[in-house]
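Subject: a structure for you to look at

Hi,

Here's the structure I promised to pass on. Have a look at it first, then read my notes below.

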Amino acid sequence: MAIERTFSMIKPDATKRNLTGAIVKIFEENGLRVVASKRVWMSRRQAEGFYAVHKERPFFDELCDFMSSGPTVVQVLEGENAIAKNREVMGATNPADAAEGTIRKLYANSIGENSVHGSDAPETAAEEIAYWFAETEIVG
Ligand code: DAT
Ligand code: MG
């Protein structure tokens, strides 16, 4: 399996509860290396652009309000099979369905306030990394 990069966000519910380090520790323990990281308080417009794929969904407004409600840590993670590995350590979207030991099982408040985002495929990983980072900000 090749070394991949994926895009991750530690969402406002988690930064508010000072869980950034606890979440990064789980990434690192699972072979995911943080090769880019910054803390951003995204605008409503940035949230709408990032989540444009969901704009017809009933939860779109709630999602964009939440994501622009406080600081987020945006990151690029690198490692073997990083996209699938990150989805595995995150757990299911709804914490009620998430496996034991996953980030969402441990920390998510609800399906909306679910602590982390992770890209779901190579194409979305590339788009999402480019949405938040210049190539010079990624240091492998
Ligand atoms: P994931 O973040 O696991 O990739 P997704 O892409 O389907 O999930 O949805 C993006 C985010 O939107 C998700 O992390 C939280 C929010 N969301 C999804 N389904 C929701 C729902 N039924 N009610 C409220 N928020 C929801
Ligand atoms: Mg998704």
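The lining of the largest pocket is made up of 11 nonpolar, nine polar and nine charged residues. Here Ala, Val, Leu, Ile, Met, Phe, Trp, Tyr, Cys and Pro count as nonpolar, Asp, Glu, Lys and Arg as charged, and the others, Gly among them, as polar. A pocket is an open set of points on a 1 Å grid over the protein atoms alone, where a 1.4 Å probe fits and protein lies on both sides within 12 Å along at least five of seven lines; lining residues have an atom within 4 Å of a point.

Keep in mind that this is a predicted model, where local features need pLDDT of at least 70, side-chain atom pairs count only at pLDDT 80 or more, and totals for chains, interfaces and linings use all residues. Residues are numbered from 1 along each chain, chains are lettered from A and ligands numbered from 1 as written, and side-chain values use heavy atoms, leaving out hydrogens and water.

So what sits in there? The largest pocket is the space taken by ligand 1 (more than half of its atoms lie within 2 Å of the grid points). Around ligand 1 the shell has three nonpolar, four polar and four charged residues.

Some side chains come within polar contact range (N or O atoms within 3.5 Å). For oxygen atoms of ligand 1, the distance is 2.5 Å to T93, 2.9 Å to N114 and 3.1 Å to H54.

Cheers

Methods: A polar contact is a pair of N or O atoms within 3.5 Å; within protein, one must be able to donate a hydrogen and the other to accept it, and residues adjacent in sequence count only if both atoms are side-chain atoms.
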